[in-house]
Amino acid sequence: MIEVSGLRKAFGEHTVLDGINLTVPHGTVFSLLGANGAGKTTTVKILSTLLGANAGEARVAGHDLARDPDAVRAAIGVTGQFSAVDNLLTGAENLTLMADLHHLPRAQGRRRAADLLDQFDLADTGKKPVSTYSGGMRRRLDLAMTLVGSPQLIFLDEPTTGLDPRSRRNMWQIIRDLVSGGVTIFLTTQYLEEADELADRIAVLDQGRIVAEGTPDELKRRIPGGHVRLRFAEPQSLDAAMAVLGQASRETDTLALRVPSDGSLRALKDLIGHLDDRAIEVDELSVHTPDLDDVFLALTTVSSKAR
Amino acid sequence: MTTQALPFYPLRDSATMLRRNVKRMLRYPSMTLLLIGMPVVFLLLFVYVFGGTLGAGLGAAADDGRSAYANYVAPAIILMTITSTVQGTAIAIATDMTEGIITRFRTMHIARVSVLTGHVVGAMIQATIAVTIVTGVAMLAGFHPEAGLLEWLAAAGFLLVVAFSLIWLATALGQVSDSVETASNLPMPLVLLPFLSSGFVPTDSMPAGLRWIAENQPFTPIIETLRGLLMGTPIGNSWWIALTWCAVIALGSYVWSKHLFNRES
């Protein structure tokens, strides 16, 4: 659905994107994760035809971005970081405005607007001006407006930034529903939890470069900080295991050992093999993968040190 | 790969954008009222405060100065109504450009120019309403046009041409402004230029340098044409100079506006 290679963008001397490669398959959620200023919004702006790139190739929804931006526009929907709604109109008027711009017949446009108001829990407030809406309602309306044209590919640029936890969870559910309807989603976020919840694949963007890419689990495994925690019934077993495993750190109070591990099956087999060979009894074994916060901090600090 | 080009519907999209702008105007009528209020205040000021003396200066009988001046100044006030609308248009466009919905429009497969034409046609409607009201107030204040039906129609058509060209100029000025404050200041010359024309006093009463400016700026031929149509004064070659100015301003501003709208955000 999206294929990008060697995408570069600089504003004057300042390089914002420094050679980005991405592939987003049809019907998946791809999340671009990064801190403020990493280049997420610039990437969305380029892929949604708002900005031209300085170099690189990109195909979006089957069309060349540089040569055929109109065809790209016809296939995509964009919900940006700042609400793209008309504050002086009502919610319903905003939706019919979109229906008119998609050239839906009048009756069909009205029906679509009414359906979307229902679906996004805005039916009661549809006749009120958007200026009276809360942040969450505004975001929902924003996304509903994007959906009027039934786009195959939706760009969501930080769709939950500034929302309260309940509205955020609502938004996540809406996004999941969209995906189950076959829509491809390109999501940017600075929340690791959000990428973890929603994305099939994540790319971590740092200072204009993609520093890691993979499924959420792959990314977590790549990072040191994962460990296996072993709990023992007896202090003797703990001592014996400590002697065998060497590198482990002990928690004497709870009779537990933390053994650094990438959490892969092979590493676990080795570990269990060592313990078995010496017939050490283990009460409980648990694998701890780092959460995405660890991943993010590790990846982005490493690359900023490299500079 | 060749892709089949998807059609654009500029007229339909412009109509949609026009509906949006009309709704916005109706919902917040204070701007429209302000735009009508300013020329009305100037009308009353010039007719009732300065009118007696200025009318006498035009060579009218001492007891008839005020009504003579009302007839002299009304075309300038009508033109001011248009420049006032134009200032409002520049502000409306600058405000609109800061709203996220314009960014949304840019990512949609719509005829892009419709965003601008929607504003332009909306402003034309606004100007028509404003000019009608101000002309009515002027007639209550002693403006007695001598125009027949044909002259009225010609005057209306001429005013539409003037409004069209100045509104396109406002469309460019509104976009080139990086803030709403700039957008309200940039069209200021348009509001002031009528004072430096034959609108309020005849140009031959001005000192030489100022007179040269007054006689060679677009508002003098525009006002002379309008005055000729409404009051039957001689028009001479003013009409084609005025229309040439309008054509140049409209075309230049249209190209400029389109360029500004298509630049990268």
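## Sheets, helices and domains in a predicted model

Strand β9 (residues 201-206) of chain A pairs with β10(A) in the antiparallel sense, over five bridges. In this pair, V204(A) stands opposite A212(A) of β10(A). The model described here is predicted.

**Domains of chain A**

- The domain assignment divides chain A into domain 1 (2-221) and domain 2 (227-288).
- Taken over C-alpha atoms, the centres of domain 1 of chain A and domain 2 of chain A are separated by 45 Å.

**The six-stranded sheet of chain A**

- Six strands of chain A make an open sheet in the order β6-β7-β8-β3-β9-β10, and the pairing is mixed.
- Its edge strands are β6 (76-79) and β10 (209-214) of chain A, each of which pairs on one side only.
- On average, neighbouring strands of this sheet are turned by 15 degrees against each other, with direction ignored.
- Helix α1 (residues 40-47) of chain A lies across β3 (29-33), β7 (153-157), β8 (184-189) and β9 of chain A. The helix α1(A) runs at about 150 degrees to β8(A).
- Helix α5 (residues 135-147) of chain A lies across β6 and β7 of chain A, and runs at about 170 degrees to β6(A).

**The four-stranded sheet of chain A**

- Another open sheet of chain A has four strands in the order β12-β13-β11-β14, with antiparallel pairing.
- At the edges are β12 (249-251) and β14 (284-288) of chain A, and each pairs on one side only.
- Neighbouring strands in this sheet are turned against each other by 20 degrees on average, direction ignored.
- Within the sheet, strand β11 (residues 227-231) of chain A and strand β13 (residues 256-260) of chain A are joined by five bridges in the antiparallel sense. V228(A) stands opposite V259(A) in β13(A).
- Helix α9(A) packs on the sheet and touches β11, β12 and β13 of chain A; the direction of α9(A) makes about 15 degrees with that of β13(A).
- Helix α10(A) also packs on the sheet, where it touches β11, β13 and β14 of chain A. The direction of α10(A) makes about 30 degrees with that of β11(A).

**The pair α9 and α10 of chain A**

- Helix α9 (residues 235-245) and helix α10 (residues 265-277) of chain A have axes that come within 10 Å and cross at roughly 125 degrees.
- At this angle α9(A) and α10(A) are therefore oblique to each other, and their crossing is right-handed.
- On the α9(A) side the contact is made by A241(A), V244(A) and L245(A), and on the α10(A) side by L271(A), H274(A) and L275(A).
- By class, this contact has five nonpolar, one polar and no charged residues.

- Strand β1 (residues 2-11) and strand β2 (residues 14-24) of chain A run antiparallel and are joined by eight bridges.
- The bridge partner of R8(A) in β2(A) is D18(A).
- The hairpin has two residues between the strands, and G12(A) takes a positive phi near 65 degrees.

**Helix packing in chain B**

- Helix α2 (residues 30-57) of chain B packs with helix α3 (residues 65-97) of chain B at an angle of about 155 degrees, and the axes are 8 Å apart.
- The helices α2(B) and α3(B) are therefore roughly antiparallel to each other, and their crossing is right-handed.
- By class, the contact of α2(B) with α3(B) has 17 nonpolar, eight polar and one charged residues.

Conventions
Residues numbered from 1 in each chain as written. Chains lettered and ligands numbered in written order. Predicted model: local features only at pLDDT ≥ 70, side-chain atom pairs only at ≥ 80, totals over all residues. Heavy atoms only, no water. Axes fitted to C-alpha atoms, helices over the stretch in contact; angles between N-to-C directions. Parallel < 35°, antiparallel > 145°, perpendicular 65-115°, else oblique. Left-handed = near helix turned anticlockwise from the far one by under 90°. Nonpolar A, V, L, I, M, F, W, Y, C, P; charged D, E, K, R; others polar. Pairing = 2+ DSSP bridges. Contact = heavy atoms within 4.5 Å. Domains from an automatic or database assignment.
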